[in-house]
Amino acid sequence: MGLLDSLALGFDTAFTPVNLLFCLIGVALGTAVGVLPGIGPTATMALLLPITFGFEPSTSLIMLAGIYYGAQYGGSTTAILINLPGESSAAVTAIDGHEMAKQGRAGKALATAALGSFFAGSVATLFVALLATPLSRLALNFGPAELASLILLGLIASITLASGSTLKALAMIVLGLLLGTVGQDIATGTPRFTFGQRELYDGLDFVSLAVGLFGVAEILRNLEGSMVRSVVVKKVQDLWLRKEDYRRIRMPVLRGTALGSALGVLPGAGHVLASFMSYSTEKRAAKNPQEFGRGAIEGVAGPESANNAAAQTSFIPLLTLGLPANAVMALLVGALIIQGIVPGPDVINEEPEVFWGLIVSFWIGNLFLLLLNLPLIGLWVKMLTIPYRWLFPAIIGFAAIGTFSINLNAFDVYAIAFFALLGYGLIKLGCEPAPLLLGFVLGPLLEENVRRALTISQGDATTFVTRPLSLTLLVLAVVAFFVAVLPAVRRKREVVFVEDDDGPHPPQPAQAGTRDGASRP
Amino acid sequence: MRLQDARKDLLAGAVFTGLGLAFAITSTTYEIGTPLRMGPGFFPLVLGGVLVVLGVSIAVTGVLAREGGDLGTVPWRALVLLIAAILFFGATVRDLGLVPALFVTVLLAALAGRGVRVVPAVVIATSLTALSVLIFVVALQLRLPLIGPWLGG
């Protein structure tokens, strides 16, 4: 099937009324949670997983994906208007975007962000479509040894971009892998770590884990402080850009799109890294670097394009290899599994309408976002006045009812409480929950492939290093590991995150990347 | 060297070591097998061992670096109320029915907020229960009794 036929199939799927509706709902919800500090796309998607259970696979994925990239748009709105990035990748947008707003150029900043994001999202989507088929064809040649090495690489690489202690991130991955072993052993069917509980024979419930870890634990974190925010927003006017503005944002948007498309594929917080790198690139490329930090339109155009491009291309590892690059993608794996689809390179052949429908929906969703964001900006700003004390009881209620509704099983609800306590405790000890989720999702896959590889090689563990492709992947994993632990590199990474020559510091993303929306005033 | 400076890392190390040991020791009750024919215990045993090593390393590096001691505040009241709210829902949704179980759950959760008084909490609980019935029962056709057997439903 050629690319055009594939895209035509995708258009057929994405343009059904139901899918259009849920694409719109997804991106609108995403914008909302991007705007609202205290709720992130990860938690929102975790909470909506149970609801999507009854949907067609394509509908469910289209909506969930929409929440993710929609949040990138919403995050920039609050970053510009009230200097409060609702999403970590928007932190850098706040620097010049909010400065522009203070000078009465909020409309221009918002329009730049929306147009840049739309362009970047569209280009990156094309990139995803072009790369998907060849990459998944390559992956289909992988044997168990290569797959095991690839999973290991994915896990290790995801910590190199996470903030905080590398050791703790590694420990979280291993803990996730261990939690993934709960249930029946794949080869023999022996129950493991079930303590005789029938409910645990199928393993720990993915939805309970995600909801507890990302929904409830996040609420507890937010309740530590007093979520008071004062919203004073001047009227937004003059959304139209002039010829001069277009000339100034053209190159930053192009460069941001390229940077974001490339870095988005990286596991971990690719979109955060992309927006920060784009900012420093634009500052270096600018004729008047001293304008940066004082309302330079390039400082909005570049990073906003970069993070939206990265949001699209971060789907590549998931769609072609079945490997989630971050917590959001791990949630999509969960959504696929709930639907009975095994994520991996086969999806593109076996479920082409789901696959291409999702890709085409990216483009439709980006168009919706442009329409939703420019005219309706006032509505989103009003949402900021909803007090948090109204929001979190709603989240708890929906979490309980939604999780219960999947299996009509009280055990899954108790599991939320367990994972909320575990997650919150670990967060308090400085451990990010995202690596745990990745480990949990990939654990059974890793075990299966390691065991199969060793069976094929007659128990000879050197099979992982004698097969050239597997060896290459392992070498990459080792390199990634050393990149993560080397102090010199760590310092350099921090420099990327805190860009300080003369301009004001960007607000630090609370947890770079995966724990989105954690920023508190 | 003051150990309390590294309290956070020591505690994290202890948690990981403990969990690793628990998994590793339980794994030994399953068949371990050989690398050629791995038993169900093989993979978790290895991982449990790795987690123990990581836990010890976190504690040691924490003590050497002596940083990250402060745990910050824990919102105990909110913690207890939220966990109670979730457990209550699981325990009663079948017998009390969706409406009363959800109402109490949301009410408990609402009371977890700072300085929230009873009347606004009841208002939140009532409106959210109504909204949830609309979404889950009317729109998504979840088959759950609104009022359960305990209340004669």
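The exercises below work through a predicted model, from chain A to its interface with chain B. Local features need pLDDT of at least 70, side-chain atom pairs count only at pLDDT 80 or more, and totals for chains, interfaces and linings use all residues. Residues are numbered from 1 along each chain as its sequence is written, chains are lettered from A in the order in which they are written, and side-chain values use heavy atoms, with hydrogens and water left out.

**Exercise 1. Describe chain A as a whole.**

Step 1. Take the secondary structure. Chain A has 23 helices and 2 strands. Both are DSSP runs, numbered from the N terminus: helices (H or I) of at least four residues, strands (E) of at least two.

Step 2. Take burial. Of the 521 residues in chain A, 65% are buried. Buried means under 20% relative accessible area, exposed over 50%, and partly exposed in between (1.4 Å probe, protein chains only).

Step 3. Take the contacts (heavy atoms within 4.5 Å). Among those in chain A with a separation of 6 or more, 80% join residues 24 or more positions apart.

**Exercise 2. Characterize the interface of chain B and chain A.**

Step 1. Count residues. 63 residues of chain B contact 63 residues of chain A.

Step 2. Give the area. The two chains bury about 5400 Å² between them, and carbon and sulfur atoms give 83% of this. Buried area is the accessible area (1.4 Å probe) that two parts lose on being put together, summed over both.

Step 3. Name the main contributors. B:Phe23, B:Phe43 and B:Ile86 supply 12% of the area that chain B buries against chain A, more than any other three residues.

Step 4. Look for charge pairing. The interface holds 1 salt bridge. B:Asp9 and A:Lys168 form a salt bridge through their side chains, at 2.6 Å, N to O. The rule asks for a side-chain nitrogen of Lys or Arg within 4 Å of a carboxyl oxygen of Asp or Glu.

Step 5. Assign elements. Helices H1 (7-27), H2 (42-65), H3 (76-96), H4 (98-110) and H5 (118-139) of chain B each supply at least two residues to the side that touches chain A. H3(B) gives the most, with 11 residues.
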